Amino acid sequence: MPATAGSPPANAQDPAATPRTPTAATTQGTGTAQLSTTATPATPDGPPARPPVRPAARTPARTPDRSTARPATHPAEGELTPVSRRFLAKATLVTAVLSIAGALLGLVRDQALARLFGAGSETDAFLVAWTVPEFASTLLIEDGLAFALIPAFSLALARRAQGAAGDPVRALVASTLPRLCLAFAAVSALIAGTAPYLVEALAPGLPDPALAVDCTRLTALCVLGFGLTGYFSAALRAHRRFVAAAAIYVAYNTGIITAMFVLGGHWGVRSAALGVAIGSGLMALIQLPSFVRQLRRRKVEPTLPVEADEQRAVTVALVATVLLFALCRQSQVLIERFLASTLPAGAISHLNYAQKVAQIPMTLSLMLCTVTFPVVARALADGDVERARGRVERDLALAACVVLLGAATVIACAPQIIELLFQRGAFTVRDTTATADVMRVYALGLLGQTLTGALVRSYFSAGRPSWYPVSAMVGGIIVTSWVGAWTVGPWGVLGIAAANAAGITVTAALLLAGMRRRSVPIRTRQVLAELSRPVRAAVVATLAGAFVASRLDDPLTGLVAGAATVLTVFVLLARALGAQGLAPVLQSVHSVTRRLIHGRSH
């Protein structure tokens, strides 16, 4: 069974799983052997790694005598046991299932929006207000707070495991949560008060700015809910509790869909904006019980001294760098909507629907990175750079295979996907054609989106501020702005989508180039060589899938045949080319299939 929040998953949280016996460890960069008495964390794909723990005073190192080693004992309450491959597989499966459920509800939400309000000026007004939750989710849930808080909680858990005085986890919560709550509430009030000016700045050519102002004031309430959601999610993931954190978008989209159908007849599109506020509160509430349970765990009695440089907390510089990066990344949406507001009505809606569907492969590809980010952060907190590097390189290979397979399917079957999802009610055939064309162009940047999301986690996994990711993102934004301004005239929405793909690809290239010296020292050449294999397979699979899908008139039959062709060609070519990220994907599919068959047989 998958791990559940608040209860230890099988073979992942067993206190007796790893004995606490003295081990000889080598300090990174010094070559000096030192004695460690902490639990030995296991690497996901190999034998246990042995992180160094620096003693209070340097002493000559000796290899411990096995005959005199202390007997195995249970880890103290609150200490996390090693991360096994089985635990990562379970956590990823749980995250995948709940994330897919949230994504499917997101599609239902967009379908309801399209059916109830179409792709006209009213929907454009709401989508301008939708900028607030888009920014807030990126800053407070997906990127910003997670990059700052997960390393901080990982470090607090490492200090707790070492026996630091008091309870570092509770101390971290006490010093950060109240202040952040006040900041979230203040920002919500500021956005609501300045809504007319925000709408004018975001979409100066909007035909109905008053409706957009009303929707913006309603969506402003989500900042507090998203802030609490992001805080709880970071804490739970650092504690290896993934169920509640993965279920947040199920709760969120449920709130929006319910509000639209219950209040849509009286409030119009404002009901969707109110649903955003309601859904954000549900996201925080669904995690609160599990978060409280983690704080109630008994603290560890102090046994080992902790050096001052290990007592880092969430600093202003760290929060500033991660929030600025997330802000710059999300500003791509501002550029798109600013440029699209001068185009005919419906342009913003076509961009929105295309982007929502096209980003599903990216969301799926980053699920593993969401699970392993705390693993990398804990490895760096323990000083085990080698384990962190191996994990990051494996994540990049796997994420690239997943997103390229998804991108190939999206490009090959775009008309069939959009027709099946949205072409009903007020969403016309013309809207389907325009949205499918935009989605194909968006998909060209999916690999860059995925690499950016995976690589930036490595920059902030040590819990220290880094300005390089912000600079890389600024470079991508400049490319997006220039390309968009140059292409929006002759190409319209297609030029805006192409600018998005070009800008994020430049950002990914800059982040990859800076990894070796500024982050986890991955082997860049080997990573690039590995990425080229699924890219080549995806190009051929896209052409084959598009050919098959275009030969069938029925959209469902065309989608099934095209997607099956893409999958078959991609898997065969990727395996022939030796893509390393393909094997874990096939193993996961085989494991899930075997469990389903086994469950049905019983």
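Author: A helix here is a DSSP run of H or I with at least four residues, numbered from the N terminus. The model is a predicted one. Start with Leu282, which sits in helix H11, residues 270-295. Is Leu282 buried or partly exposed? The cut-offs are under 20% relative accessible area for buried and over 50% for exposed, with partly exposed in between. Leu282 has 34% relative accessibility, so it counts as partly exposed. Leu282 also belongs to a nonpolar surface patch with Ile278, Leu285 and Leu288. An α-helix has 3.6 residues a turn, so residues three or four places apart point the same way.

Now turn to helix H8, residues 222-238. Of its 17 residues, 16 are buried, so the rest of the structure largely encloses H8. Cys222 is buried, at 0% relative accessible area. Cys328 is buried too, because its relative accessibility is 17%. The disulfide count is 0. Just after H8, Arg240 takes a positive phi of about 65 degrees.

Last comes helix H22, residues 524-550. Its 27 residues reach 39 Å from first C-alpha to last, close to the expected 39 Å. Its buried residues include Val527, Leu531, Pro534, Ala538 and Gly545. Glu530 is also among them. Their cover includes helices H16, H17, H19, H21 and H23.

Terms used: Residues are numbered from 1 along each chain as its sequence is written. This is a predicted model: local features need pLDDT of at least 70, side-chain atom pairs count only at pLDDT 80 or more; totals for chains, interfaces and linings use all residues. Side-chain values use heavy atoms; hydrogens and water are left out. Helices (H or I, at least four residues) and strands (E, at least two) are DSSP runs, numbered from the N terminus. The expected span of a helix is 1.5 Å times one less than its number of residues. Buried means under 20% relative accessible area, exposed over 50%, partly exposed in between (1.4 Å probe, protein chains only). Contact means heavy atoms within 4.5 Å. Patches are made of residues with over 30% relative accessible area and no salt bridge: like charges are joined within 9 Å, nonpolar side chains (Val, Leu, Ile, Met, Phe, Trp, Tyr) within 5 Å. Accessible areas come from the Shrake-Rupley method with a 1.4 Å probe; for residues, only the protein chains shown count as cover. A salt bridge is a side-chain nitrogen of Lys or Arg within 4 Å of a carboxyl oxygen of Asp or Glu. A disulfide is a pair of cysteine sulfur atoms within 2.5 Å.
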